[in-house]
Amino acid sequence: MKLKSIILGIATTAVLLAVLVATRMMVLTKTTPEFEIREIETVALPEPPPPPSEEVVTDDPPPPPPPSLADLTHTLDVSQPAMPVSNVKVDPTLAVDPFYTDQPPAPLPKPVVKRPTPKPKVSKPTVKSPLRPRVKPTPPKPKSQYSLGELDRKPRLLRNPSVRFPSSIRNASSGRVVVRVAILPSGRSQFLSVISSTHPALVSAAKTIANGSRFTPPTRQGKPVKAVMTWPITIKK
């Protein structure tokens with residue numbers, strides 16, 4: 001056992017020595033930049049020319065010298081009066097009596113306002129207007145004709161003449177003509193104009209009906225009058 005331990009110790013010591021020797025033999029190489037030194041030639045610059053002289057020759061005389069302190073003496077101003085000077089010292093802490101007057105101040109004078117003189121009134125002569133005769137209002141003239149809205153009642157158709165349906169119209173069995181007629185105070189109708197028609201061939205038959213019909217007499221306020229109205233006439237076969 002002792003021999004084995006001695007051999008193990010010797011081997012361990014040899015390994016450590018080998019490691020130390022290896023570390024000593026290792027050399028670290030440092031990388032440092034290399035600089036090249038060169039010589040520089042110096043060049044001497046020429047000296048600048050001297051500045052121009054600031055002396056300017058003028059024909060004006062030189063300015064007078066400034067006045068000395070001895071000439072600046074205080075001169076008295078004769079135009080201003082002398083102010084009295086009191087040498088008495090005044091104590092500002094002393095009480096001061098208020099100032100009163102024996103009589104009140106006089107009131108201020110009131111401004112005088114001039115009133116305008118009134119102008120004399122001139123009486124105008126009264127002129128009597130001439131008496132105008134009273135004019136009685138004239139009653140409105142009655143109209144020559146009235147509309148259906150102005151009548152007492154709408155006229156009623158009593159009879160109308162019979163007419164034939166035109167044979168030229170074959171496609172229709174009836175037609176309509178709107179005419180404007182006047183109803184006389186006697187009740188007889190009178191044709192005035194045609195407003196519209198469904199066929200021109202029906203106009204002659206509508207005129208015959210408008211001129212030959214009979215209505216109840218139109219009245220206004222109980223009196224027979226002439227009336228004008230629009231009448232749609234239907235004609236059948």
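**Strand pairing and burial in a predicted model**

User: Which residue in strand 7 stands opposite V177?

Analyst: I233 in strand 7 stands opposite V177. The model is predicted, local features need pLDDT of at least 70, side-chain atom pairs count only at pLDDT 80 or more, and totals for chains, interfaces and linings use all residues. Residues are numbered from 1 along each chain as its sequence is written, and side-chain values use heavy atoms, leaving out hydrogens and water.

User: What makes strand 2 and strand 7 a pair?

Analyst: Pairing requires at least two bridges found by DSSP. Strand 2 and strand 7 (residues 227-236) are joined by 10 and run antiparallel. They therefore count as paired.

User: How do you know that strand 2 pairs with strand 3?

Analyst: Seven bridges link them, in the antiparallel sense.

User: Why is H199 called partly exposed?

Analyst: Its relative accessible area is 32%. Buried means under 20%, exposed over 50%, and partly exposed in between (1.4 Å probe, protein chains only). So H199 is partly exposed. H199 is in the loop between strand 3 (189-197) and helix 2 (203-212).

User: Why is strand 2 called mostly covered?

Analyst: Seven of the 10 residues in strand 2 (residues 174-183) are buried.

Conventions:
Helices (H or I, at least four residues) and strands (E, at least two) are DSSP runs, numbered from the N terminus.
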